[in-house]
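Here is a short briefing on one protein chain. Take a look at the sequence and the fold, then read on.

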Amino acid sequence: ELEIGRISSTYANGKISNLSVYKTELDAQTISQMAKSRFSPVRNSRFSVVDFDGSDDLIDLPATYGSDNISISTWVNYVDDGATGNIFDTRDAVSDGYVLQVNSSNQVAFKVNGTTNTYTGATFANQWIHIVGTYNGTQIKIYINGELVNTSNLTSTVSTTTNAKIGRRNYNTAEPFQGSISSLAVYNTTKSAEEVYAIYQQGITYDESSLSGLQGYWRMGDDTSKAFPTIADSSS
């Protein structure tokens with residue numbers, strides 16, 4: 001009989017997404033097509049991934065995104081540079097607004113009005129990961145690759161007056177992000193754990209534009225309605 005996850009008394013320690021057994025030998029072309037993972041970006045257009053140099057690169061957004069219910073969903077591949085880099089930042093000042101970032105310890109952090117909810121497990125530098133930060137007025141949550149990794153309690157009102165930025169601190173030129181971003185979505189709803197997992201399972205090339213509560217959605221060039229250096233907002 002066939003067993004998955006065990007050989008004799010030795011058990012697998014990890015995750016399996018799918019497994020197939022064929023009665024015929026697969027040709028090289030078929031195997032190559034299977035190897036094109038939906039969890040890796042396909043550069044099918046020049047700007048489908050935006051690379052940030054950790055110095056002066058940023059995307060200046062046209063709105064504040066300051067709701068008390070928010071979900072920020074993004075695919076990133078960040079560099080292990082030992083410096084804090086902001087992926088998404090709405091703040092007017094240090095403690096006013098939202099910021100999704102990689103801190104100086106190469107850990108993912110989500111800040112709401114200065115309160116930090118940091119993932120304190122292993123770092124994910126130099127690989128593509130899916131990150132979601134949510135806030136519902138009382139709880140801050142961080143999800144990585146579809147799994148809830150940290151929760152903090154905070155009862156606060158979020159209010160910002162300046163337009164947000166991708167790739168740098170909003171209120172000055174500090175904390176530039178070094179790495180790549182494939183897409184970033186902002187929702188005015190708090191996505192549930194099931195919704196976050198569903199987005200992650202669709203993979204890095206998934207089009208989130210039909211999902212409810214979408215306020216802004218930057219696919220980093222897959223939407224060809226704009227030309228570089230403008231990145232289109234693909235939300236409706």
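Asp207 is partly exposed, with a relative accessibility of 32%. Buried means under 20% relative accessible area, exposed means over 50%, and partly exposed lies in between (1.4 Å probe, protein chains only). Asp207 forms a salt bridge with Arg219, and their closest N and O atoms are 3.5 Å apart. This is a predicted model: local features need pLDDT of at least 70, side-chain atom pairs count only at pLDDT 80 or more, and totals for chains, interfaces and linings use all residues. Residues are numbered from 1 along each chain as its sequence is written, and side-chain values use heavy atoms, with hydrogens and water left out.

**Salt bridges**

- The structure holds six salt bridges. A salt bridge is a side-chain nitrogen of Lys or Arg within 4 Å of a carboxyl oxygen of Asp or Glu.
- Arg219 is buried, at 14% relative accessible area.
- Asp60 forms a salt bridge with Lys165, with the closest N and O atoms 3.8 Å apart. Asp60 is in strand E4 and Lys165 in strand E13, 105 residues apart, and the pair links distant parts of the chain.
- Asp60 is exposed, at 52% relative accessible area, whereas Lys165 is buried, at 11%.
- Asp89 and Arg91 also meet in a salt bridge, 2.8 Å from N to O. Asp89 is buried at 0%, and Arg91 is buried at 2%.
- A network of salt bridges links Asp89, Arg91, Arg169 and Glu175.

**Strands and sheet**

- Helices (H or I, at least four residues) and strands (E, at least two) are DSSP runs, numbered from the N terminus. Two strands pair if DSSP finds at least two bridges between them.
- Six strands form an open sheet in the order E4-E13-E6-E7-E8-E9, with antiparallel pairing. Its edge strands are E4 (59–60) and E9 (115–118), and each pairs on one side only.
- Two bridges join E6 (residues 85–89) to E13 (residues 165–166). Phe88 stands opposite Ile166 in E13.
- E14 is mostly covered, with nine of its ten residues buried.
- Which strands pair with E14? E3 pairs with E14 over four antiparallel bridges. E5 and E14 are joined by eight bridges and run antiparallel. E15 (residues 214–218) pairs with E14 over four bridges, again antiparallel.
- Asp53 has Gln178 in E14 as its bridge partner. Val76 stands opposite Ile181 in E14, and Val186 stands opposite Gly216 in E15.

**Nonpolar core**

- The largest nonpolar core has 37 residues, and Phe88, Phe110 and Ile166 touch the most other members. Four residues, the largest share of this core, come from E5.
- A nonpolar core is a set of buried Ala, Val, Leu, Ile, Met, Phe, Trp, Tyr and Cys residues joined through side-chain atoms within 4.5 Å.
- Leaving aside neighbours within four places in sequence, Phe88 is in contact (heavy atoms within 4.5 Å) with residues including Leu61, Tyr98, Ile166 and Val186.

**Surface and helix**

- Leu2, Ile4, Ile16, Leu19 and Val21 make a nonpolar surface patch of about 550 Å². Patches are made of residues with over 30% relative accessible area and no salt bridge: like charges are joined within 9 Å, nonpolar side chains (Val, Leu, Ile, Met, Phe, Trp, Tyr) within 5 Å. Accessible areas come from the Shrake-Rupley method with a 1.4 Å probe; for residues, only the protein chains shown count as cover.
- Ile16 is exposed, at 53% relative accessible area.
- Ala198 is in helix H2 (residues 193–202) and is partly exposed at 40%.
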